Each structure stands twice: as structure tokens, then as C-alpha cells.
Amino acid sequence: MRRAAWGALRSVRTLAVTQAPVLGLPGGGRARLPSDPWGLPSPPRGLILRAARGYAIQKPVRPSQEDDPPRSTLLKDYQNIPGIEKVDDVVKRLLSLEMANQKEKLKIKQEQLMNKVVANPEDTSSLEARIVALTVKIRNYEEHMQKHRKDKAHKRYLLMSIDQRKKMLKNLRKTNYNVFEKTCKDLGIEYTFPPLYYRKAHRRWVTKKALCIRVFQEAQKLKKQKRALKAAATAAAAAQKQGQTNPESPSKARPEAIKENQ
């Protein structure tokens, strides 16, 4: 029985190997697709190529912002050095933004936006200055997310920064509307009003809300009954106290009873 089974498997394997598609090699030779130990050919070429193309295709990285300084801009520490213009181009390139780290680039972007938006760039505690700092951070996170789409930590930081900036813009709109308009225009921010209610209503939430309303109404009824009982008890105690303080004297009651008998 076993020999018959092994013979059938060998025949299937030889048929699969002989009928497998043949690929052309650069030297003119021929090669077959590799087969697994059971004699079955590997998946067709179309599926592998499709998967490889899908992995290789990525979203294009968004170009830099319009407010970004040029890459040839010197760093802040080397801008005011005398004779820096006469230095060799290689040295200038080493001291420019092209060779700088991300922290120095963000620092220069924030400084340029502060000079453009804020009236007093040295005042970093104002609302508009903090909005500028958050905008620079948000743009940096967006560029990072375009390259690394599966970075969950930076995605969380991005959403937190956007929410924080929304709150600041809301406060700035309430306190100083002209500065709010100028800040949104200079930074290219489109302010949208939040909806009145964020929570999505579903059957469970509606049932829970109806139960809470019913419990509240029953509690109000109980409180009303307690107040009524307390008022009745207070009135009874007051009447009893008044009866005790003004009782009829027996000296006055006796002459009246004598007159009636006569």
C-alpha cells in the first residue's frame, strides 16, 4: 500500500517538474521555476511582481513649505562672523542648513516665522508665539509621517499638537480677533468651527441616557416628598409648641362655667 502511494507521489512530482514554465536566462540558457518538496510549482510570477510593485510604490514626499529658508542659509552662530563671505564654498556648505541637523533647521524656521507673525519676536510667552512654535512642530511631524507612515508614536504627537493648537487659536479668537486673523493668514491655517457635539449616538448610549434621565426624575420626586414631609413635621411641631405656650387658665374658665349654670 505504501509503495503504491509513494509511486503515485513520484509520478505527480515528475509531471509537475516537466510541465513547469521555463524562464530565459541572459546567457541563452533555460531554468525552471523552483518547486516545493511535494512537487508543486511556486506561485505564478504575476502575483510576486504585483506584491513587489505594491511594496515599492509609496506616496511622494510632500515638498518643503513656502516659509522654509533656502538650504544655503548660514547657521545663526556663523551669520555675524566678519569675513564669512570670503570663505570657500565648501566651508560655507558645511556651515549652512544643508549640513545642519534637524534641531537647528527647526530653530531657524521658527525664528523666521516669529519675525513674520509676532509683533515682538522676543516675547515667546504670547499666544501667537506659542502657536508659531506648535505650527513648526506640526509641519515637522507631517513631513516625518509622509516618509514613515507606520510610526504610531509620531502620529500621536501630531494629533496632540493639532489639538493643542486648536485650543490656543480658540482662545486667541476670543481675546484678540485681529491678531487671530493675521496669524491664520500668515501661517496658512484654515480655522474651522468645531461641531456642537462630538459623541456619536447609538442604541446603547440612547438607552443609558434614558435610564439616567429616569433615575434623575425619581430622585427629584423623592427629594420633593422629603421636603413635603419635613415641612409638615415642622408645621406640626410649631402648632404643638404654640398650644403649649398659650394654654387657657383655670381661673378664667370657672366664672364662665358658673354664669352658664345660672
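Buried residues account for 18% of the 262 residues in the protein. The structure is a predicted model. Its secondary structure amounts to 9 helices and 2 strands, and from the N terminus the elements follow the order α-β-β-α-α-α-α-α-α-α-α. The protein exposes about 22200 Å², of which carbon and sulfur atoms supply 56%. Of the contacts between residues at least 6 apart in sequence, 49% join residues at least 24 apart.

| Helix | Number of residues | Reach, first to last C-alpha | Expected at 1.5 Å a residue |
|---|---|---|---|
| α4 (residues 102-117) | 16 residues | 22 Å | 22 Å |

In α4, the buried residues are Ile 108, Lys 109, Leu 113, Met 114 and Val 117. Their cover includes α5 (127-147) and α7 (177-187). In α6, burial applies to Leu 158, Ser 161, Arg 165, Met 168, Leu 169 and Leu 172. The cover over these α6 residues includes α5 and α7.

Gln 112 is also part of helix α4. Gln 112 counts as partly exposed because its relative accessibility is 34%, a value between the cut-offs of 20% and 50%. The C-alpha atom of Gln 112 is separated by 8.0 Å from that of Pro 69, although the two residues are 43 residues apart along the chain.

**The nonpolar core**

In soluble globular proteins, nonpolar side chains tend to be buried together. The largest nonpolar core of this model has 17 residues. Those with the most contacts inside this core are Val 118, Ile 131, Val 132, Leu 169 and Leu 187.

Val 132 can be followed in detail. With its neighbours within four places in sequence left aside, Val 132 is in contact with Gln 110, Leu 113, Met 114, Val 117, Val 118 and Leu 187.

Side chains of opposite charge can pair when their charged atoms come close. A search of the whole structure finds 1 salt bridge. In a salt bridge, the side chains of Asp 186 and Lys 182 meet at 3.0 Å, N to O. Both residues lie in helix α7, 4 residues apart, which is about one turn of the helix. Asp 186 counts as buried because its relative accessibility is 19%, under the 20% cut-off. Lys 182, by contrast, is partly exposed, with a relative accessible area of 41%.

**A nonpolar surface patch**

Nonpolar side chains also occur on the surface, where Val 90, Leu 94 and Met 99 form a patch. Together these three residues have about 300 Å² of accessible area. Val 90 lies in helix α3 (residues 89-94). With a relative accessible area of 52%, Val 90 is exposed, the cut-off for that class being over 50%.

Notes. Residues numbered from 1 in each chain as written. Predicted model: local features only at pLDDT ≥ 70, side-chain atom pairs only at ≥ 80, totals over all residues. Heavy atoms only, no water. Expected span 1.5 Å × (residues − 1). Buried < 20%, exposed > 50% of the residue type's maximum accessible area, 1.4 Å probe, protein only. Contact = heavy atoms within 4.5 Å. Patch = residues over 30% accessible without salt bridge, like charges linked within 9 Å, V, L, I, M, F, W, Y side chains within 5 Å. Areas by Shrake-Rupley, 256 points an atom, 1.4 Å probe, with all protein chains shown as cover. Salt bridge = Lys/Arg side-chain N within 4 Å of Asp/Glu carboxyl O. Core = buried A, V, L, I, M, F, W, Y, C linked by side-chain atoms within 4.5 Å.
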